[in-house]
Every structure is written in C-alpha cells, then in structure tokens.
Amino acid sequence: MSPLLDVRGIAKRFGGLQAVGDLSFQLEAGEILALLGPNGAGKTTAFNMIAGYTRPDSGEILFQGRNIARARPWTICRAGIARTFQLSKPFADLTVIENLMVGGFARSRDASAIRDKAEAIADFLGMGRQADTEVQHLTAFDRRKLELGRALSTEPVLLLMDEVVAGATPAEGQEMVALVRRIRDRGVTILIVEHVMKVIMALSERVIVMESGRLIADGAPRDVVNQPEVLKAYFGEQYAAARA
Ligand SMILES: Nc1ncnc2c1ncn2[C@@H]1O[C@H](COP(=O)(O)OP(=O)(O)OP(=O)(O)O)[C@@H](O)[C@H]1O
Ligand SMILES: [Mg+2]
C-alpha cells in the first residue's frame, strides 16, 4: 500500500538561507508522526510547503498519490489536509461557534448543517459552554483548542499540528494529548511538531528529526533521542561526544 503522504526531496531557500534542503519522509494512514528539531531547523517551513502556504523550490509532495507541491492552500484544504498555526490566528471579534463555522464552508454551503457541525466540534473540545464567547475573551489554552477546532472544521484526512502544547500547563498538556488521540481514533492521520518530550512519548510511535533543513533521524522516540546526531543537534558536539 502506498503511504498517505510521500514527501520527496522538497527544498526551500530564503535568500542565502537554505531553510529546507532535500527533505524526504513518508507518513502512513492512521499514524501520529512527530516532527522534532531545534529552533530554526525548518519544521514550520516544511509544514507551510505541505499545506501550500510556501511553494517548494523543488521536489514533490504526494498526498493520496497526487502531487500537491504546487497547489494552492484552498485546493490542498479541500483535498483533505488541514493545519494549525504556530501562532494561532483566530478571528478575535467572532464567537467560538462563528470561528468553527468558517472552515465548514470548505465542504458545504448549508449554513444550518455547518452550525450543527461547529457545535459538535465545540462539544468535542469541551468548549460547548463558550460557544457564544468572543475569541478575545478566551484563555490562551482555549484559543489553542479553538485553533485545533478550526482545522477540524474542514474535515481533514491529514492534520498538521504546529506546537499546540506550547505555553500550556502540564494539565492542559495532558488534555491536549487526550484530544489528539481521540482525533486519531476518529481516523485522522496526524503530523505534529512538538518540543515537549512527554507529549511526544505519549503520542507517537515514530518520530523524525530535522536539523538545518535536513532529516537526521527517523525511528522510535526512545531510539532516536539517544542517537549522537540528534544529541549534537540539540545540545552541541561536546555533549554528544561525552555521551558516546
Ligand atoms: N519567510 C521567511 N523569510 C526568510 N527566512 C525565513 C522565512 N521563514 C523562515 N525563515 C528562516 O528559515 C529557517 C527555518 O525556519 P522555520 O520557521 O521553518 O523553523 P522551525 O523549525 O519551525 O523553528 P521553531 O522551532 O523556532 O519554530 C529559520 O532560519 C528562519 O529564520
Ligand atoms: Mg516553527
């Protein structure tokens, strides 16, 4: 069986900086794959290329067998890929429900059906009681959950999540882990960028690690975190050598 997502040698340069260079990896349907790497490794740039926000300079991105590497964000969204933003971008003066309805129009024009679906998502997020609250009055964590809900409202096959636990308390982190598991159990495949190791260990059977735009490791979390290349990327040469 061919993978759900097959990234083949994508690259992106910003001026003199090779943000992503020849990145290849595959994602199977039903997987939760974590994408790791130090700051500036190129993780968000890779997400932006998959979701169509940044056009790769070269390479192919096959989603369900179709090359989407030069498609526009809305085409990719309709094909079944949704993403959350590292810095969440809700419509601040709309309510929770209104924000959750926006994505529904990617799939349908029936406003009452879209509202029903938005209410179901609000309940799923545990935000049913805030349905009519304006986003500007939400806590930071509720905004993060809403960001996830906005992605879900487009009914994705593949969900790209960029640091959704950043800044959360441990309890909120656990709540997010439970939500992500339930999303996967509903049949959505997930690619997640995350720095919190506890979250990665709880969610993923496989992780890939980027450094300076390239893939340096691919495997089970426990194996990958002990590889010299990975230790060097995170902690520097001396630390890796001392551990070897
Ligand atoms: N639009 C842009 N123009 C110029 N340089 C950019 C642009 N976007 C990203 N970069 C640079 O590309 C490199 C990779 O950035 P990217 O945001 O993909 O990293 P990241 O792995 O997501 O980092 P972080 O963990 O900090 O979110 C960085 O050096 C960044 O400064
Ligand atoms: Mg990033």
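The structure is a predicted model, in which local features need pLDDT of at least 70 and side-chain atom pairs count only at pLDDT 80 or more, while totals for chains, interfaces and linings use all residues. Residues are numbered from 1 along each chain as its sequence is written, chains are lettered from A and ligands numbered from 1 in the order in which they are written, and side-chain values use heavy atoms, with hydrogens and water left out. Helices (H or I, at least four residues) and strands (E, at least two) are DSSP runs numbered from the N terminus, and two strands pair if DSSP finds at least two bridges between them.

**Domains and annotation**

- The chain is divided into domain 1, made of 1-71 + 174-244, and domain 2, which covers 81-155; such bounds come from an automatic or database domain assignment.
- The centres of the two domains, taken over C-alpha atoms, are separated by 26 Å, and 14 residues of domain 1 are in contact (heavy atoms within 4.5 Å) with 11 residues of domain 2.
- An unreviewed UniProt entry places the feature "domain: ABC transporter" at residues 5-237; UniProt positions are given in the numbering used here, feature names are shortened, and annotations may be inferred rather than shown by experiment.
- Across residues 5-237 the end C-alpha atoms lie 33 Å apart, and this span is 37% helix and 25% strand.

- One open sheet is formed by 6 strands in the order 6-7-8-3-9-10, with mixed pairing.
- Strand 6 (81-83) and strand 10 (214-219) stand at the edges with a single partner strand each, so one side of each is left without a neighbour in the sheet.
- Neighbouring strands of this sheet are turned by 20 degrees against each other on average, direction ignored; the axes are lines fitted to C-alpha atoms, for helices over the stretch in contact, and angles run from 0 to 180 degrees between N-to-C directions.
- Strand 3 (residues 32-36) and strand 9 (residues 206-211) pair in the parallel sense over 4 bridges, and within this pairing Leu 35 has Ile 208 in strand 9 as its bridge partner.
- Helix 5 (residues 140-152) packs on the sheet and touches strand 6 and strand 7 (158-162), its direction making about 155 degrees with that of strand 7.
- Helix 6 (residues 170-185) also packs on this sheet, touching strand 3, strand 7 and strand 8 (189-193), and its direction makes about 150 degrees with that of strand 8.

- Another open sheet has 4 strands in the order 2-1-4-5, and its pairing is antiparallel.
- Its edges are strand 2 (17-27) and strand 5 (66-67), each of which has a single partner strand, so one side of each is left without a neighbour in the sheet.
- Strand 4 and strand 5 pair in the antiparallel sense over 2 bridges, where Leu 62 has Asn 67 in strand 5 as its bridge partner.
- Helix 1 (residues 43-51) packs on the sheet by touching strand 1, strand 2 and strand 4, and its direction makes about 115 degrees with that of strand 1.

**A buried residue in a loop**

- Leu 125 lies in the loop between helix 4 (111-124) and helix 5, and it counts as buried because its relative accessibility is 2%; buried means under 20% relative accessible area, exposed over 50%, and partly exposed in between (1.4 Å probe, protein chains only).
- Leaving aside neighbours within four places in sequence, Leu 125 is in contact with Lys 145, Leu 146, Leu 148, Gly 149, Glu 175 and Leu 179.
- The C-alpha atoms of Leu 125 and Lys 145 are separated by 6.7 Å, although these residues are 20 residues apart along the chain.

**Salt bridges**

- A salt bridge is a side-chain nitrogen of Lys or Arg within 4 Å of a carboxyl oxygen of Asp or Glu, and by this rule the count comes to 12.
- Arg 8 forms a salt bridge with Glu 60, with the closest N and O atoms 3.6 Å apart; this pair links strand 1 (residues 5-14) to strand 4 (residues 58-63) across 52 residues of the chain.
- Arg 8 is partly exposed at 42% relative accessibility, and Glu 60 is partly exposed at 33%.
- Arg 150 and Glu 147 meet in a salt bridge of 3.8 Å, N to O, and they are separated by about one helical turn because they are 3 residues apart in helix 5.
- Arg 150 counts as buried at 16% relative accessibility, as does Glu 147 at 3%.
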